[in-house]
Amino acid sequence: MIREDSDIGFEQRARARTGAMTNILIVDDEPDFSSGIAEFLELKGHSVVSTNTLSSGRDALRRIKPDALVLDLMLPDGSGLELLDTFTEHRPDKVVIITGHAGVKNLIGGMAGDGVSYMTKPIEPRELLTLLGQVNEARPKDAEGEGHFGLMIGESPAIRAIYDTIRQVARTDSTVFVQGESGTGKELIAEAIHTLSGVSGPFVPVNCGSLSKDLLSSQLFGHEKGSFTGATRRHVGFFERADHGTLFLDEITEMPAEMQTHLLRSLETGKILRVGAEKEFPVNARLIAATNRDPAKAVNSGKLREDLYFRLRVFPITLPPLRERTGDVSLLARHFLTALNKKHGSNKQLTEAGLQRLEHHSWPGNVRELKHTVHRAYIMSDDDAVNVPLRFDEDLPGDIEGLRVGRSIADVEKDLIVATLDHLDGDKKAAAASLGISLKTLYNRLKEYGESD
């Protein structure tokens, strides 16, 4: 981590990590806090300089031009707001004021100027990362580097149309319904909308397929102490955690129908009721829902309530599968390989033959499958040239019986699921995406086979 007391100069420190997403200056008088946040941000690919006083912050700004400033309001030698007077030009794209006083935003109002956000200690590093992510959208992006909104890679017409849609809806508070095959990046879409919206609260992702059926109400809406056996304290649910932010409900069709009724009521009233509570209370959380199913078929089969579907699809977004994103496979593959090189200090490159094989594959598991394929090819390469197998299933066991008279469909399905898991080194998410089933379905099947561990 880059620290104030390092022997190298600020300019050298600012350039110490090439290719970082954002140059960030932290000015905070608590060394443990600033060092912890700096380490977290560096792990996310940012370049960080950390100082602990107003004077050292000024000194840093004479030497570097940060893209973002994380600033403590109360410093040992003055107010952090004084540091903002340093900027006559080239003010950072984003300023985040950290304080221990919840009322500071109302107290100082617009004194700090535009582009300023406020966070109260203790803070969640992910929330800070989300706020800083808004810097990425304001600066030019390289298609094979940081990506659009600091999250998404691709330049095909199909995905660029999605970028335009994200920009349009992010400015509103509309509920969004994202539909797309497994592995297309539905959570990235939701996070991009959240980042661009500029809301002060966190982004809270929830996979409905992984929620406990018995505790679903508590997990979503929270519960009061003593409301049921084992409720030894008040629990804050996902809705409440996302207050003034965004709640992302993935695999919404995996939510039981009775719970969909409660969800619909919360959307209509803007209020939630904790389990065991007597009164509802308001929660201001934007909802983004997603599914890998055809919504109309999900409604007809009873997996999704029709009234909830119409309430969710205020603004529908349909993600294109990777096979329809012409030219994006190579961009994504290089991006994933660059990340692996950075993580492991290597300099491996995909061969032209390997890129051609990637381009011509149909990618039933979409971007997620591509990412795991590149990772596996990286591991299997003995030198800096990363190749890709001629056949993506060449390492599958050769004794799978397949279809023949007398074999049950269940037996064939079991062989396929087990073989796919072996092929993907036990990665259940990648296997589910490749098989075109939900993660919950995969777990249910493995439980039936006695292989749930």
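Mentor: Phe-177, Tyr-309 and Phe-310 are joined into a cluster by ring pairs; rings of Phe, Tyr and Trp (for Trp, its six-membered ring) count as a pair if their centres lie within 6.5 Å, and the planes are called stacked under 30 degrees apart, edge-to-face over 60 and tilted for the rest. The model is a predicted one, in which local features need pLDDT of at least 70 and side-chain atom pairs count only at pLDDT 80 or more, while totals for chains, interfaces and linings use all residues. Residues are numbered from 1 along each chain as its sequence is written, and side-chain values use heavy atoms, with hydrogens and water left out.

Across the whole structure, the search gives four aromatic pairs. One of them is the stacked pair of Phe-203 and Phe-248, with 6.2 Å centre to centre and 20° between the planes. Phe-203 belongs to strand β9 and Phe-248 to strand β10, 45 residues apart, and the pair links these distant parts of the chain; strands (E, at least two residues) and helices (H or I, at least four) are DSSP runs, numbered from the N terminus. Phe-203 and Phe-248 are both buried, where buried means under 20% relative accessible area, exposed over 50% and partly exposed in between, with a 1.4 Å probe and protein chains only.

Phe-221 and Phe-239 also form a stacked pair, at 5.4 Å centre to centre with 15° between the planes. Since Phe-221 lies in helix α9 and Phe-239 in helix α10, this pair ties together parts that are 18 residues apart in sequence. Phe-221 is buried at a relative accessible area of 5%, and Phe-239 is buried with 5%.

The discussion now turns to the core. The largest nonpolar core has 30 residues, and those with the most contacts inside it are Leu-220, Leu-247, Leu-249, Ile-252, Met-255, Leu-263 and Leu-312. Such a core is a set of buried Ala, Val, Leu, Ile, Met, Phe, Trp, Tyr and Cys residues joined through side-chain atoms within 4.5 Å. Among the elements that each supply at least two residues of this core are β9 (203-207), α9 (216-221), α10 (238-241), β10 (246-250) and α13 (306-312). Helix α11 gives the most to it, namely four residues. In soluble globular proteins, nonpolar side chains tend to be buried together.

Leu-220 shows how these segments meet. Its contacts (heavy atoms within 4.5 Å), leaving aside neighbours within four places in sequence, are Leu-211, Gly-237, Phe-238, Phe-239, Leu-249, Met-255 and Met-259.

Most residues other than glycine have a negative phi. His-244, in the loop between α10 and β10, is not a glycine and yet has a positive phi of about 65°; at 42% relative accessibility, His-244 counts as partly exposed. Glu-251, in the loop between β10 and α11, likewise has a positive phi, near 50°, but Glu-251 counts as buried at 10% relative accessibility.

The loop between β10 and α11 also holds Glu-254, which is buried with a relative accessible area of 10%. Beyond its neighbours within four places in sequence, Glu-254 is in contact with Cys-208, Gly-209, Arg-293, Lys-303, Ser-438 and Lys-440.
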